[in-house]
Amino acid sequence: MTDTRNFTIALAQYAQIPLSDDESFDHFAQTVAAICAGHDAAGNSPELVAFPEMHLFGTGSLNEEDANRAQEAAAVEFPDTSSQPVSVVEASDSLLSKCANLAKKHGIWLVPGTFCERNPSGGIYNTAAVFSPDGLLVGSYRKICPWRPYERYIPGNSFTVVDLPGKGRLGLTICYDAWFPEIARQVAWLGADLILNLVRTTTPDRRQELVLARATAITNQVFVASVNAAAPQGVGDSVLVDAEGELLDVCRGDEEALLTRTIDLDMVDRVRRIGTAGSNRLWEQFRPDDDDIPLPLYEGHISAARWHPQSGHGRRR
C-alpha cells in the first residue's frame, strides 16, 4: 500500500532576531525563502517551516525589565480563529499580515515562532500562530505554562490543533508546556498527528527536555518536533521524534542548523492499530463497560467513553 500522508517539515534552529522592524522582517523573509529553496535528503521541498519560540521578538542584552517593556510595546493583536481561518492581509497589525503573505508567497504552512500578543486588559500572552499556504491565519495558541517566576506572560487556558488538509492534524505547545504531560495528552486527544513544541531553552535541562520529547511521543503515539533557538539565546539540540519515540533527526549543539525531513503521518494510525513495538495500544486501554476512574487532582475522572482520540485529518472528516 502506498503512503499518502507524507509531509515534509523544516525545523529552523536559528538565533532570535531583533524585535520585528522592517529590516528584521526582511532578513526573516530571506531566511524563509532560502529554506523553501532547499529540500530534504529525498529531494522533497518543505511543506511546513517552523521557527523557535519568540524568534521575531528578540530583545538582545536588555535587562528583564526593559525587555518586558519592549515586548509589551511590540505586542500584536490577534483575531479570533477558534471558529474559522482569518484573513489578516487587511488587519491593522502589519506583522501578522507580512507572515500571512510570506506563507502564501511560498505556498507553505508557516509557524514563525511565537508572538507577544496584547491583552486588552493589560499584559501579554506568548502566542504561537500557524499561517496556511493560502495566506490565512488558521490557528493560534497561547502558552499555558510560562516558565515562572522568570516569564511574565499571561497563561493561556485553551488548546489548539490545526487541520492540514490531506495530511493530518498539527498540535501546538510552547517550551515549558512540554514538562506537563496533561497538555500533550489533551492535544493528542484532539487528534494531533504531530505535536510541534516551539522552544527557547537556555538552561542545562535541555537534556531532560529531549527525554520528554521522546516520552511524549511514546505515551501519546504521535510525532513530536521540538525546535529550539540557537546560541546565544538558546542551547539548540532540536529534535524530531516518530510515533514510537525513535529519534528521526537531531540538530546537535547550539549552532544554527536546519532540520528538513519527510515524515509519514500514516505511521500514527499504524502504531495505534498494531501497538508501539507491536505491543502497546494505549488508546485501547479503557473499555466502554469500565468504571470511571476518579482523578482527585483535577476533580474529574477518566471516562472510557471519551478516551479515544478525536477525528483529525481528511480521511476521518
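This is a predicted model: local features need pLDDT of at least 70, side-chain atom pairs count only at pLDDT 80 or more; totals for chains, interfaces and linings use all residues.
User: What is the handedness of the crossing of α1 and α3?

Analyst: The crossing of α1 and α3 is right-handed, where a crossing counts as right-handed if the near helix is turned clockwise from the far one by less than a right angle, and left-handed if anticlockwise. Residues are numbered from 1 along each chain as its sequence is written, and side-chain values use heavy atoms, with hydrogens and water left out.

User: At what angle do α1 and α3 pack, and how far apart are their axes?

Analyst: Two packed helices are described by the angle between their axes and the distance between the axes. Here α1 and α3 pack at an angle of about 20 degrees, with their axes 11 Å apart, and that makes α1 roughly parallel to α3. Angles under 35 degrees count as roughly parallel, over 145 as roughly antiparallel, 65 to 115 as roughly perpendicular and the rest as oblique. On the α1 side, the contact (heavy atoms within 4.5 Å) includes Phe-25, Phe-28 and Val-32, and on the α3 side it includes Leu-95, Cys-99 and Leu-102.

User: Which residues of α3 are buried?

Analyst: Buried means under 20% relative accessible area, exposed over 50%, and partly exposed in between, with a 1.4 Å probe and protein chains only. In α3 the buried residues are Leu-95, Leu-96, Ser-97, Cys-99, Ala-100, Leu-102 and Ala-103, and they pack against α1 (22-36), β4 (109-111), β5 (114-118) and β6 (124-131). Just after α3, Gly-107 takes a positive phi of about 65 degrees.

User: Where do the buried residues of α5 fall, seen down the axis of α5?

Analyst: In α5, the buried residues are Arg-206, Glu-209, Ala-213, Thr-216, Ala-217 and Asn-220. Seen down the axis of α5, they fall within an arc of 100 degrees, so they line one face of the helix; the arc is that of the directions from the helix axis to the C-beta atoms. The face turned away from the buried side of α5 carries the exposed residues Arg-207 and Val-211.

User: What does Tyr-176 touch?

Analyst: Not counting residues up to four places away in sequence, Tyr-176 touches Lys-143, Cys-145, Pro-146 and Trp-147. Tyr-176 lies in the loop between β9 (168-174) and α4, and at 25% relative accessibility it counts as partly exposed.

Methods:
Helices (H or I, at least four residues) and strands (E, at least two) are DSSP runs, numbered from the N terminus. Axes are lines fitted to C-alpha atoms, for helices over the stretch in contact, and angles run from 0 to 180 degrees between N-to-C directions.
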